Amino acid sequence: MLSFGIIIIAVNKAIDYYSFITIEKQMMEKADLSELSFREVLAQHRLSTGEPQTEEIVRLALEKLKASGKEVRIYDSSKQLLGLAVDGIIINDGKPLIFEKNIEKALSGSYAYTVTEDHLLYFSTPIQDQYYQNAYVYEFVEDISYFYAIMDQIRYILFAGAGGFIVLITLSSLWIARNTTKPIKLLLGAAQSFSRQEFRRVHLNRKDELGMLADGLDSMGRQLHDYIQYQKQFVSNVSHELKTPLAAIRGFSQYLVEGENENKELQKIYAHLLQESDRLTRLINELLLLSRFDKAGSNELEARKTEMNELIQQVATSMGAKAKDKGIEILFREAEAEDKLLTRVHANVNPMLMSHAIANLVDNAIKYSGSPSLIELMLTHTPSEVVIRIRDQGIGIAGDELERVQERFYRAKNASTANGSGLGLSICKEIVERFNGYIDMESQIGEGTTVTIVLPRA
């Protein structure tokens, strides 16, 4: 607002400056003509009388110039008023307003003028005699009210036009911005949907670069969708096909382990073969579970209202033996309340899948924790959310890897201390998100990891 006011002041000053240049030029031309007329009077009087007579010169000059302004004055070289005419009438005993500085400047050989508050312009010009000396000062007064009225009209037209132009530019900018940003937002939304593997048609009814970009994005989305579906179907088919030969390999491995009692080296080899068969079996089961998620809709997961305290307690109990073998204690802290009924916290989930997700997280905590240590399972709740935390004292995860550990097949750099497929956390993420929840992770190297599951409360 302040800068806008400064602009208005600057424009007003510019209008006044250039307008007064025009007025000043007109007054100078008028002063030059009046000076010529005055000098003619001087020349004629000198030719007729020989000696200059001031009173007669002033009278003749006033007679000739009295109509050249609202007021006409003649001064001598000592700044004395010699003659005055007002509205074309010569006044003998008048006492007009005199600006002495104008007279002094004119006697020095320059034009001089002053504008009063009532828009009267007092313009003074020197008159030289035959010896080229400034013997008189001729001054006329002009009413320039018309000039200020014209400037006011110019200002009004200028500012009205500027205001209209600003409004037009603003409306045009808004229209252009809307028609430019709207398709950009559409394309950005489509790109974000693609990053979440949510593919939809992208179309803009326009022939410019944005339209071409939309068509290219649409084509890319369709190709990515087809490729991902093909990839998921391929993983599902391969996993199914591998189950039968892998079951046979595991069966023979088990037979060899149990049948070899003499050669200890062979027994170690057979045991290792059985262990790897079990690992491949778990990997295939996890791949099949992911395939099930990829194909199933939310209504096919058989979610129901489930009491979460009981579910977590069952997981803690079932994982307790494995933790104890490694010297790890599992401690479950259930939701607390004065009224026991208030501790019954429900969420709409599939109990088997949610148990699998929590058990997978507890299993990770056991695998990457040393002995002795503690794993805490905590359940808290708000009026709208169920919050499950699994906190361990394990090796931790680097900060730059926290976002990636939930990706399929990604394993942290320090995860080589335990066997894994890199699918466990991604399966947990898939399960939790299918029930409208999310997983958050906090971790520090050497201090442990806290995994938080947040679900809508039923």
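Here are some friendly notes on the predicted model above, point by point.

1. **Ground rules.** Residue numbers start from 1 along each chain as its sequence is written. This is a predicted model, in which local features need pLDDT of at least 70, side-chain atom pairs count only at pLDDT 80 or more, and totals for chains, interfaces and linings use all residues, while side-chain values use heavy atoms, with hydrogens and water left out.

2. **The chain overall.** The protein chain has nine helices and 13 strands (DSSP runs numbered from the N terminus: H or I of at least four residues for helices, E of at least two for strands). Of its 458 residues, 38% are buried; buried means under 20% relative accessible area, exposed over 50%, and partly exposed in between, with a 1.4 Å probe and protein chains only. The accessible surface is about 27900 Å², and 56% of that belongs to carbon and sulfur atoms (Shrake-Rupley method, 1.4 Å probe; for residues, only the protein chains shown count as cover). Among contacts (heavy atoms within 4.5 Å) between residues at least 6 apart in sequence, 61% join residues at least 24 apart.

3. **Strand 13.** Do have a look at strand 13 (residues 448–456): eight of its nine residues are buried, so the strand is largely enclosed by the rest of the structure. Strand 11 (residues 385–391) runs antiparallel to strand 13 and is joined to it by seven bridges (strands pair if DSSP finds at least two bridges between them). Val-387 has Val-454 of strand 13 as its bridge partner. Strand 12 (residues 438–444) also pairs with strand 13 in the antiparallel sense, over seven bridges, and Gln-444 is bridged to Gly-448. Three residues lie between the strands in the hairpin of strand 12 and strand 13, where Gly-446 takes a positive phi near 85°.

4. **Glu-71.** Glu-71 sits in strand 1 (residues 71–76) and counts as buried because its relative accessible area is 16%. Its side chain makes a polar contact of 2.8 Å with the side chain of Arg-73 (N or O atoms within 3.5 Å; within protein, one must be able to donate a hydrogen and the other to accept it, and residues adjacent in sequence count only if both atoms are side-chain atoms). A network of salt bridges links Glu-71, Arg-73 and Glu-139; a salt bridge is a side-chain nitrogen of Lys or Arg within 4 Å of a carboxyl oxygen of Asp or Glu.

5. **Other salt bridges.** The structure holds 13 salt bridges. One of them joins Lys-64 and Glu-40, with the closest N and O atoms 2.8 Å apart. This pair links distant parts of the chain, 24 residues apart: Lys-64 is in helix 2 (residues 54–65) and Glu-40 in helix 1 (residues 2–49). Glu-376 forms a salt bridge with Arg-333 at 3.0 Å between the closest N and O atoms. Here Glu-376 of strand 10 (residues 373–381) and Arg-333 of strand 8 (residues 328–333) are 43 residues apart. Glu-376 is buried at 14% relative accessibility, whereas Arg-333 is partly exposed at 41%.

6. **A nonpolar patch.** Tyr-146, Ile-150, Ile-154 and Leu-158 make a nonpolar surface patch of about 350 Å². Patches are made of residues with over 30% relative accessible area and no salt bridge, joining like charges within 9 Å and nonpolar side chains (Val, Leu, Ile, Met, Phe, Trp, Tyr) within 5 Å. Leu-158 lies in helix 4 (residues 145–195) and is partly exposed, with a relative accessible area of 39%.
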